[in-house]
Amino acid sequence: PTSLYKAFRESGRSYIGTAWTMRANETAEPKIIKQDFNSITPENAQKWESTEPSRNNFTFEDSDRYVEYAKKHSLQIRCHNLVWHSQLPAWVTDGKFDNHTLISIMENHIKNLAGRYRKDCTQWDVVNEALNEDGTYRESVWYTTIGEAYLPIAFKLAAKYSKAKLFYNDYNIESNNAKTAGAARIVKLIKSYGVRIDGVGYQAHLASETTPTSGGPLPSQKVLEAALHATADLGVDVAYTEIDIRMNTPATPAKLAVQAEAYKTVAKSCLAVKRCIGMTVWGISDKYSWIPGVFAGEGAALLFDEDYNKKPAYYGFLAGLKK
Ligand code: G3I
């Protein structure tokens, strides 16, 4: 088939998804979702600053739209996310809460947000980006106040209030490095508390050539597979959760061809690992990608160009996810 998710399902896997921001008068993206994706991730709508901007004041209007859309269109939904250091309002970060109070704040947030969608979310990113590049813990308000126990505590609470598959999610863990080992350590830590963790999300914000903000071209398929195995072999599912593969802009036909190969390699690495259940790209059209706004001079990272045309990357990705 010429549908990403249908091809991947024929290969026996579960879903191909995209991050999504609903925009007024944007009609092209819903059509592409219908054709190519069977899962969505709300790009920003479920983050803490969007859902609990002040203490115990919950705002779910935006988030609800995605959950309802997924239900109406029979899509899976990767819910994103419950506990993160970023897009966390100042009332949490600067509140100087003690251990006990911060845990109760975490529980109230998870109870209200995850509990609201108890049976609706297919997956939850329970904890997002807890690690530094060297594999040590990031000094977030969660870690400095509660210690590493905040991870099992968050997963325990998520399991209490949600039926979703529970994921730890991070970036720069695709090349089987010290940070990947950190993710494996987290899986073991959570399990050592007797708490459920179902999967690890590999964000996969990658590059197809060396750029000022990336370590270099794509890791080899072998390395990608080894990184997936580093956690999958501990008995959890794995998924690519935020794929984009950037380049130095402007794009040229030669660079787009290299990018197409890179997408193919990523898809093949997932297919080669039994427990890799699905892949999500971080946006549909290059028109709205977060990359150029954050990494000046880089971009063109997605499967569809700014005019919604399928790029060589689309065909490379499609080829890679066919058995
Ligand atoms: O909505 C406001 C708007 O009202 C305001 O005028 C404008 C001015 O800055 O900001 C708008 O909010 C922006 C929001 O995106 C919605 O567009 C934020 O500034 C901006 O920081 C935010 O960026 C998001 C970023 O996460 C924040 O960390 C990106 O869209 C989103 O793609 C990105 O996604 C993250 C994942 O959640 C976690 N992994 C990394 C990934 C890429 O950074």
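The questions below go from the whole chain to its strands, a helix contact and the ligand.

This is a predicted model, in which local features need pLDDT of at least 70 and side-chain atom pairs count only at pLDDT 80 or more, while totals for chains, interfaces and linings use all residues. Residues are numbered from 1 along each chain as its sequence is written.

Me: How many helices and strands are there in the protein?
Reply: Helices (H or I, at least four residues) and strands (E, at least two) are taken as DSSP runs and numbered from the N terminus. On that basis, the protein has ten strands and 13 helices.

Me: Why is the protein said to be as compact as a globular protein of that length?
Reply: The C-alpha atoms fill a box of roughly 55 × 45 × 40 Å along the principal axes. The globule rule is 2.2 Å times the number of residues to the power 0.38, and the radius of gyration is taken over C-alpha atoms. For 323 residues the rule gives 20 Å, and the protein is as compact as a globular protein of that length because its radius of gyration is close to this, at 19 Å.

Me: Which strands does strand 2 pair with, and in what sense do they run?
Reply: Two strands pair if DSSP finds at least two bridges between them. Strand 2 (residues 39-42) is joined by four bridges to strand 1 (residues 15-20), where the two run parallel, and W20 stands opposite P42. The chain passes from strand 1 through helix 2 (residues 28-36) to strand 2 in a right-handed β-α-β crossover, right-handed meaning that, with the strands pointing away from the viewer, the path from the first strand over the helix to the second runs clockwise.

Me: Which residues beyond its sequence neighbours is Y263 in contact with?
Reply: Y263 has its place in helix 11 and is buried, with 30 other C-beta atoms within 10 Å. The C-alpha atoms of Y263 and F317 are 4.8 Å apart, although 54 residues separate them in sequence. Two residues are in contact if their C-beta atoms, placed from the backbone, lie within 7 Å. Leaving aside neighbours within four places in sequence, the contacts of Y263 are I245, A313, G316, F317 and G320.

Me: Which residues are around the ligand?
Reply: A residue is near a molecule if its C-beta atom, placed from the backbone, lies within 6 Å of it. By class the shell has two nonpolar, four polar and two charged residues, where Ala, Val, Leu, Ile, Met, Phe, Trp, Tyr, Cys and Pro count as nonpolar, Asp, Glu, Lys and Arg as charged, and the others, Gly among them, as polar. The residues around the ligand are E43, N44, S86, Q87, Y171, Q203, E242 and W290.

Conventions. Buried ≥ 20, exposed ≤ 12 C-beta atoms within 10 Å, placed from the backbone.
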